[in-house]
Amino acid sequence: MFRLAKLGHKLAKLVPQQCMLCLCNCQQLPCSHCRDAIAKFAHRAYGFNLMRWPKVASALKPHSFHRVHAIGDYEYPLAKMITELKFQKRLSCAEALANCFSDSLRGRQHALPQCIIPTPLYPTRYLQRQFNQTVEIAISVADQLELECRLNSLQRVRHTTAQVQLGRDQRLANVADSFSCAVLPSHITHIALFDDVVTTGATMHAMRKAILAANPNLIIEIWAICIALASLD
Ligand SMILES: [Zn+2]
């Protein structure tokens, strides 16, 4: 059944699709022209670890992560695809963003994590929205990279205000102790936390803290579609 689903996925890629950004016909979303329009971070220059780029290290201060990967800044066309996925539930944008994310890892020498854990919504918030765009992208990324995507290991245990309206210190206080994590299977030693947009790193820091409390020796990378470098200037 799984193999059939995979075959169906591959066949679907042979059928021309319409690019959600420029509406041209293409084989893979987004089309190659729109993909070229993405201002990608210089992944190779920093050994596929954006913590080595002072601009990102300074944006995430005081947090210091083992390894950080994101495609680019929060701007067109990535921002448009994230917005359409989040507010219009346009699922083709999840696949397109996952395609761009997988592309951005091409050339990485370091071993990939064994599984991805996307940022969860608080249960009542999820029931209200019936949708978590970060989960949709993470599932597609995991499928493309043949990694496990764990949706139930990490939970939000406290309702928090939307981070977007808050400053750096408020964001940290807002998400502190708001996550709880289960003990992961012993074969899992290396994971990636996944979010659509990282701004100050406060949510990632809170998630990492909860995961390490239950799984002390885990290697934890931070993966995101965008790091919003300009938004807190
Ligand atoms: Zn296009």
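Let me start with two helices: α8, residues 168–175, and α9, residues 202–214, pack with their axes 8 Å apart and at an angle of about 30°. This is a predicted model, where local features need pLDDT of at least 70, side-chain atom pairs count only at pLDDT 80 or more, and totals for chains, interfaces and linings use all residues. Residues are numbered from 1 along each chain as its sequence is written, and side-chain values use heavy atoms, with hydrogens and water left out.

Helices (H or I, at least four residues) and strands (E, at least two) are DSSP runs, numbered from the N terminus. Axes are lines fitted to C-alpha atoms, for helices over the stretch in contact, and angles run from 0 to 180 degrees between N-to-C directions. Angles under 35 degrees count as roughly parallel, over 145 as roughly antiparallel, 65 to 115 as roughly perpendicular and the rest as oblique. So α8 and α9 are roughly parallel to each other.

Which residues of α8 and α9 make the contact? Contact means heavy atoms within 4.5 Å. On α8 they are Arg171, Leu172 and Val175, and on α9 they are Ala202, Thr203, His205 and Ala206.

Next, the aromatic rings. Rings of Phe, Tyr and Trp (its six-membered ring) pair if their centres lie within 6.5 Å; planes under 30 degrees apart count as stacked, over 60 as edge-to-face and the rest as tilted. That rule gives four aromatic pairs. In one of them, Tyr46 and Trp53, the ring centres are 5.7 Å apart and the planes are at 15°, so the pair is stacked.

Buried or partly exposed: which is Tyr46? Buried means under 20% relative accessible area, exposed over 50%, and partly exposed in between (1.4 Å probe, protein chains only). Tyr46, at 21%, is partly exposed, and Trp53, at 19%, is buried.

Phe101 and Trp223 have ring centres 5.2 Å apart and planes at 50°, so this pair is tilted. The pair links distant parts of the chain, with Phe101 in helix α5 (residues 92–104) and Trp223 in strand β9 (residues 219–227), 122 residues apart. Phe101 is buried at 0% relative accessibility, and Trp223 is buried with a relative accessible area of 0%.

Last, the backbone. A cis peptide bond joins Leu29 and Pro30, with omega about -15°, and Pro30 sits in the loop between β2 (25–26) and α2 (32–36). Phe48, in the loop between α2 and α3, has a positive phi, near 55°, without being a glycine.
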